[in-house]
Amino acid sequence: MDISTTSHTTAATVPHSLGRTIRAYITLTKPRVLELLLVTTVPVMILAQNGMPSIWLVLATVIGGSMSAGSAAAFNMYLDRDIDAHMQRTVNRPLVTGEVSPRGALIFAWTLAVVSTVWLLVTTNWLAATLSAAAIFFYVVIYTMILKRRTEQNIVWGGIAGCFPVVIGWTAVTGSLAWPPVILFVLVFLWTPPHYWPLSMKYKDQYDNVDVPMLGATRNGSQVGLQVILYAWATVACSLLLIPVAQMGLVYTVSALVFGGWFIYESHRLYNRAVRGTEPRPMRVFHASITYLTLIFVAIAVDPLLPF
């Protein structure tokens, strides 16, 4: 199917209230993704400081990081508006419904990109600002424009963009890089495939319909399940490396073992159900992966604040 020439009715000619327009632009930033940004940025800042950094620095970093991630998301929606119109889970996005024009979305994305970079440069340091700009470039150019429609490994390498918040948070505090943020960068990198592939299993038919080769859509359930298991084990193993490198305490150690074990269990459960030919329930792993990452980073935030 040539989705570029398929007509789609939008609401572009329908006037919208100011509040609805503002909400549409906020939707362009993918607010749910921004929540994960906060979860991975602030705890790393606490770890870098080995205590609470200044509230102003935390706010400045979160504001800049949110604008940066919002810019990348807006660019993504602008570039993917043709396929979004043909996927049930994305048909209500503002560029599809016409609540935001392509030109408006592009201006919005560029504005956020420039402002976020300048903001971080002024309020944090040049390294954090540079990493933020690199994250936008990676998500927009490497993932959305080059990889997404060409290879089933798209989310593996494209997911690197989602790893940048941990190094941005660390460098905002220290002005330099070190092994702990590198380990956490790799952790998020390894976590991304077992997080996203179950989602692509759920929406396999929709990805097939728009010719986007997500691995969850191009392989059968048992093959995807096996890949999810391998990446889940690698993720948990990587999380354990932080214990000796960053001298993590009891809270993080127990959390990494317990929550990591649960994440691995859910991954095996997906594979076993797929092998038996029963409904694999991929969204259970998808939601479990979010909970796992959240709890691990909460432990990272709490651990430096305790004496054990």
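**Entry 1: H9 and H10**

I looked up how helix H9 (residues 164-174) lies against helix H10 (residues 179-202) in this predicted model, and I found an angle of about 160° with the axes 8 Å apart. The two helices are therefore roughly antiparallel to each other, a term for angles over 145 degrees. I noted that axes are lines fitted to C-alpha atoms, for helices over the stretch in contact, and that angles run from 0 to 180 degrees between N-to-C directions. Helices themselves are DSSP runs of H or I with at least four residues, numbered from the N terminus.

Which residues of H9 meet H10? I listed Phe164, Val166, Val167 and Trp170 on the H9 side, and Pro180, Pro181, Leu184, Phe185 and Val188 on the H10 side, where contact means heavy atoms within 4.5 Å. By class this contact has 9 nonpolar, no polar and no charged residues. In this scheme Ala, Val, Leu, Ile, Met, Phe, Trp, Tyr, Cys and Pro count as nonpolar, Asp, Glu, Lys and Arg as charged, and the others, Gly among them, as polar.

**Entry 2: H10 and H15**

I then followed H10 to helix H15 (residues 282-302), and their axes come within 7 Å and cross at roughly 160°. That makes H10 roughly antiparallel to H15. The contact includes Leu184, Trp191 and His195 of H10, and Phe286, Ser289 and Tyr292 of H15. I noted its division into 17 nonpolar, 2 polar and 1 charged residues.

**Entry 3: Leu295**

From Leu295 to Ala48 I read 247 residues in sequence and 18 Å in space, C-alpha to C-alpha.

**Entry 4: H2**

Just after H2, Asn50 takes a positive phi of about 55°.

**Entry 5: Basis of the values**

Residues are numbered from 1 along each chain as its sequence is written, and side-chain values use heavy atoms, with hydrogens and water left out. Because the model is predicted, local features need pLDDT of at least 70 and side-chain atom pairs count only at pLDDT 80 or more, while totals for chains, interfaces and linings use all residues.

Conventions: Parallel < 35°, antiparallel > 145°, perpendicular 65-115°, else oblique.
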